[in-house]
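The following exercises ask you to read a protein model step by step.

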Amino acid sequence: MAGHSKWANIQHRKGRVDAQRGKMWSKLSKAIIVAAKMGGGDPDANIRLRKAIEDAKAISMPKDNIQRAIKRGTGELEGSEVEELLYEGYGPGGVAVMCEVMTDNRNRTTPELRSMFGKFGGNLGNTGCVSYLFERKGVFVFDPETADEEKLTEIALENGGDDVEPLDDGKIQVTCNPDAHQTLSDAFAAAELVPEISSINQVAQTMVDVDGSMAKSVLRLLEALDDHDDVQNVSTNLNFTDEMFEDE
């Protein structure tokens with residue numbers, strides 16, 4: 001599972017949120033719309049909506065934008081229909097890639113993603129072609145300088161956590177069932193433990209190694225997918241190594 005966190009850390013380290021705040025606002029607006037559509041507009045009663053709002057506030061999305069997105073989801077404001085889709089495919093070297101997408105036009109999004117996969121030496125696959133390699137998990141990543149592993153383990157065990165493990169970059173990762181994510185998040189907050197990363201994603205159960213130029217092509221594909229306006233999350237089973245980033 002550490003591979004997911006390494007990819008998330010790479011994106012975090014590059015400051016992608018700050019550099020692309022407008023793009024992130026658009027993505028999180030869709031997440032709020034879908035959450036409100038599925039579970040109603042009250043974040044106290046809709047855990048998914050609450051998480052989407054928290055993510056939006058974390059990147060300083062204006063309150064008016066958040067409220068408009070909620071009202072679009074509940075039907076109080078008109079707007080194009082946003083649907084949630086899961087795309088699966090292969091990158092160079094047979095690396096598995098999954099894209100969680102929210103779009104108001106799948107007839108536009110599907111060919112765009114298919115073209116993107118092809119451009120970087122991969123191909124968009126059929127439903128189920130790689131999803132069996134992944135499990136949906138709640139993921140938290142902490143800096144050990146601000147969060148004690150023993151304390152994290154204690155809180156995790158008491159609030160639905162599955163595993164606590166050190167990562168190769170020294171960070172500490174906590175995983176849980178998606179249904180326990182909000183409960184665990186609240187418990188960490190109550191203990192004043194702030195994660196660097198808090199997400200619910202498709203997490204690969206086994207990793208694959210790809211070397212040299214092929215690995216660089218996989219990275220370019222992942223970054224291009226991540227930049228697409230309709231893509232919410234990108235997951236892969238690529239085993240990231242420091243050598244992949246030496247020229248960046």
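**Exercise 1.** In which helix do R50 and E54 both lie, and how many residues apart are they?

*Solution.* Begin with the ground rules: this is a predicted model, in which local features need pLDDT of at least 70 and side-chain atom pairs count only at pLDDT 80 or more, while totals for chains, interfaces and linings use all residues. Residues are numbered from 1 along each chain as its sequence is written, and side-chain values use heavy atoms, with hydrogens and water left out.

Helices (H or I, at least four residues) and strands (E, at least two) are DSSP runs, numbered from the N terminus. R50 and E54 both belong to helix 4 (residues 47–58), where they sit 4 residues apart, about one turn of the helix. Their side chains meet in a salt bridge, at 3.4 Å from N to O; the term stands for a side-chain nitrogen of Lys or Arg within 4 Å of a carboxyl oxygen of Asp or Glu. R50 counts as partly exposed at 28% relative accessibility, and E54 is likewise partly exposed, at 31%, given that buried means under 20% relative accessible area, exposed over 50%, and partly exposed in between (1.4 Å probe, protein chains only).

**Exercise 2.** Which residue forms a salt bridge with E81, and how far apart are the closest N and O atoms?

*Solution.* The partner of E81 is K37, and their closest N and O atoms are 2.2 Å apart. This pair links distant parts of the chain, 44 residues apart, since E81 is in the loop between helix 5 (63–74) and strand 1, whereas K37 is in helix 3 (residues 21–39). E81 is exposed, with a relative accessible area of 51%, while K37 is partly exposed at 43%.

**Exercise 3.** In what order do the 4 strands of the open sheet lie, and which strands are at its edges?

*Solution.* The order is 3-1-2-8, and the pairing is antiparallel; two strands pair if DSSP finds at least two bridges between them. The edges are strand 3 (123–124) and strand 8 (231–236), each of which pairs on one side only.

Next, follow the bridges: 2 of them join strand 1 (residues 83–90) to strand 3, with Y90 partnered by N123 and G89 by L124. Between strand 1 and strand 2 there are 8 bridges, and Y87 has C99 as its partner in strand 2. In the hairpin of these two strands, which has 5 residues between them, G93 takes a positive phi near 75 degrees.
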